[in-house]
Amino acid sequence: MEELVKVFKALSDETRLKILLIISKRTICQKGISKHLGISDSAVSQHIKVLKEANIVTGIKEGYSVIYVINEEAFNKARLFLKMINKIDDDTFIKRENLEQIRLNSCANCKLNKKCCKNRGI
């Protein structure tokens, strides 16, 4: 679950999404990303660092430059997680028994009886 959290956090920034779009279209180095986005090399470096820590991109050394490529496996795990959310029977991350216990405990103290999950059949 920690890996997924890192991926989604890394994807939550507009500049990092733009960087991923650029990397997905062509092989490019940090300097090229910087020029294309009109931001400093150090800003690109910080964004790349976050993307690498989340295992979304990998740097490949070519001469004096590092070319960045997307790690498809990280995206596949995120994609599977999003698909799993719609599957009611999948208990991979949260056990049903725990959810039932949470519902019982929270409904006992619920101040919104009309909108309470117990009264809505959840």
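This is a predicted model: local features need pLDDT of at least 70, side-chain atom pairs count only at pLDDT 80 or more; totals for chains, interfaces and linings use all residues.

User: Where is Ile-22 found, and what is it in contact with, leaving aside neighbours within four places in sequence?

Analyst: Ile-22 is found in helix α2. Helices here are DSSP runs of H or I with at least four residues, strands are runs of E with at least two, and both are numbered from the N terminus. Contact means heavy atoms within 4.5 Å. With neighbours within four places in sequence left aside, Ile-22 is in contact with Ile-28, Ile-33, His-36 and Leu-37. As for Leu-37, its C-alpha is 9.4 Å from that of Ile-22, and the two are 15 residues apart in sequence.

User: What makes a nonpolar core, and which residues of the largest one touch the most other members?

Analyst: The term covers a set of buried Ala, Val, Leu, Ile, Met, Phe, Trp, Tyr and Cys residues joined through side-chain atoms within 4.5 Å. The largest such core has 22 residues, and Leu-20, Ile-23, Ile-33, Ile-48, Leu-51 and Ile-56 touch the most other members. At least two residues of this core come from each of α1 (2-10), α2 (14-25), α4 (41-53) and α5 (72-85). The largest share is from α5, with 5 residues. Take Leu-20: beyond its neighbours within four places in sequence, it is in contact with Leu-11, Leu-51, Ile-56, Val-57, Ile-70 and Phe-75.

User: Why do β1 and β2 stand at the edges?

Analyst: The open sheet has 3 strands in the order β1-β3-β2, with antiparallel pairing. β1 (28-29) and β2 (57-62) each have a single partner strand, so one side of each is left without a neighbour in the sheet. Helix α2 lies across β1, β2 and β3, running at about 95° to β3. That angle is between N-to-C directions, on a scale from 0 to 180 degrees, with axes fitted to C-alpha atoms and, for helices, over the stretch in contact.

User: What makes Glu-3 and Lys-77 a salt bridge?

Analyst: A salt bridge needs a side-chain nitrogen of Lys or Arg within 4 Å of a carboxyl oxygen of Asp or Glu. The closest N and O atoms of Glu-3 and Lys-77 are 3.1 Å apart, so the pair qualifies. This pair links distant parts of the chain, with Glu-3 in helix α1 and Lys-77 in helix α5, 74 residues apart. Glu-3 counts as exposed because its relative accessibility is 54%, while Lys-77, at 38%, is partly exposed.

User: Which residues are linked with Lys-77 in a network of salt bridges?

Analyst: Glu-3 and Glu-73 are linked with Lys-77 in that network. The side chains of Lys-77 and Glu-73 meet at 3.6 Å, N to O, and these two residues both lie in α5, 4 residues apart, about one turn of the helix. A search of the whole structure finds 4 salt bridges, including one between Lys-31 and Asp-41 at 3.0 Å.

User: Why does Asn-71 count as buried?

Analyst: Its relative accessibility is 17%, so Asn-71 counts as buried. Asn-71 lies in the loop between β3 and α5. The side chain of Asn-71 reaches the backbone oxygen of Asn-55 at 2.9 Å and the backbone nitrogen of Glu-73 at 3.2 Å.

Key. Residues are numbered from 1 along each chain as its sequence is written. Side-chain values use heavy atoms; hydrogens and water are left out. Buried means under 20% relative accessible area, exposed over 50%, partly exposed in between (1.4 Å probe, protein chains only). Two strands pair if DSSP finds at least two bridges between them. A polar contact is a pair of N or O atoms within 3.5 Å; within protein, one must be able to donate a hydrogen and the other to accept it, and residues adjacent in sequence count only if both atoms are side-chain atoms.
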